[in-house]
Amino acid sequence: MESSPPLPAPSERWAIFLDLDGTLVGIAATPQAVQIEPELLALLERLRQCCGGALAVVSGRALADIDRLLTPLRLPAAGLHGRERRRADGTLLDSGGPEAIIAPLRPLLAAYVEARPGLLLEDKGGSLALHYRLAPTYAASVCRLARRLAGEERLLRVIFGRKVVEFQPRGSDKGAAIAAFLAEPPFAGRRPVYAGDDATDEDGFAVVNRLGGLSIKVLNGERRAPASAAQFQLRSVTALHRWLAAIDRALAPALLPTREGTAALDDAFS
């Protein structure tokens with residue numbers, strides 16, 4: 001894994017895919033505590049224009065939650081690790097999945113959480129996320145439970161993230177979502193770039209690498225880079241913001257030739 005991902009030449013055509021929590025925004029104590037600054041929203045809108053609309057968020061959050069955080073932006077996005085997806089034209093796709101896989105887990109996990117103060121069960125509809133950030137002493141117990149449940153149900157996918165374990169039906173992942181975007185306008189024919197921060201992003205890194213793109217891991221203060229398929233690394237969310245701003249400066253001259261145009265765009269998000 002190298003450091004310092006490169007910048008595009010003005011003539012390059014990139015398709016940018018970004019994870020949300022731990023990548024675009026820092027990890028908060030709870031998912032509901034996350035907020036996005038207007039300056040970041042303005043930067044994302046500028047990048048979207050620079051890339052001809054080929055910018056998408058690929059997240060474990062549900063689409064509705066992604067939209068809530070990114071208001072007033074409404075970007076192409078994949079939610080629930082690719083289980084639901086909104087194309088650039090606004091078309092919504094949902095891979096569905098047997099509700100019978102998730103439904104029995106709700107009361108089981110709710111009882112498990114109720115007996116262990118500090119754990120948080122997040123019901124996303126199509127998946128369930130068991131957070132132990134506020135109760136790290138339960139980490140081993142949570143992971144044992146997740147592995148046991150996965151062993152009992154072959155159609156259940158368990159995703160181990162940063163102090164969270166997520167349960168969802170098999171059949172989708174972030175890599176498949178990125179590949180689907182790249183088969184459609186305005187993403188088709190562009191070089192894919194994906195930034196993410198944890199194990200849930202490895203499928204995305206693998207697809208982008210296979211297609212000759214750039215994969216970037218955000219380390220978030222980890223002392224050394226964990227094993228990852230990502231080609232490049234950035235130390236923090238702030239470092240990613242700086243790199244995205246540099247991409248904006250590299251690509252913007254052909255699109256926004258005047259400072260006035262950029263200022264007007266920023267004002268819309270202030």
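Colleague: Is strand β11 mostly covered or mostly open?
Modeller: Mostly covered. This is a predicted model. In it, β11 spans residues 191-196, and five of its six residues are buried.

Colleague: How many bridges join β2 to β11?
Modeller: Five. β2 covers residues 14-18, and the two strands run parallel.

Colleague: Which residue of β11 partners L18?
Modeller: A195 is the bridge partner of L18.

Colleague: And how does β11 pair with β12?
Modeller: In the parallel sense, over four bridges. β12 takes in residues 214-218. V193 has L214 in β12 as its bridge partner.

Colleague: Where does the chain go between β11 and β12?
Modeller: Through helix α7, residues 202-210. That β-α-β crossover is right-handed.

Colleague: New topic. What is the strand order in the open sheet of four strands?
Modeller: β7-β8-β10-β9, and the pairing is antiparallel.

Colleague: Which strands stand at the edges?
Modeller: β7 (120-123) and β9 (156-161). Each has a single partner strand, so one side of each has no neighbour in the sheet.

Colleague: Which residue in β10 stands opposite L128?
Modeller: F167.

Notes:
Residues are numbered from 1 along each chain as its sequence is written. This is a predicted model: local features need pLDDT of at least 70, side-chain atom pairs count only at pLDDT 80 or more; totals for chains, interfaces and linings use all residues. Side-chain values use heavy atoms; hydrogens and water are left out. Buried means under 20% relative accessible area, exposed over 50%, partly exposed in between (1.4 Å probe, protein chains only). Two strands pair if DSSP finds at least two bridges between them. A crossover is right-handed if, with the strands pointing away from the viewer, the path from the first strand over the helix to the second runs clockwise.
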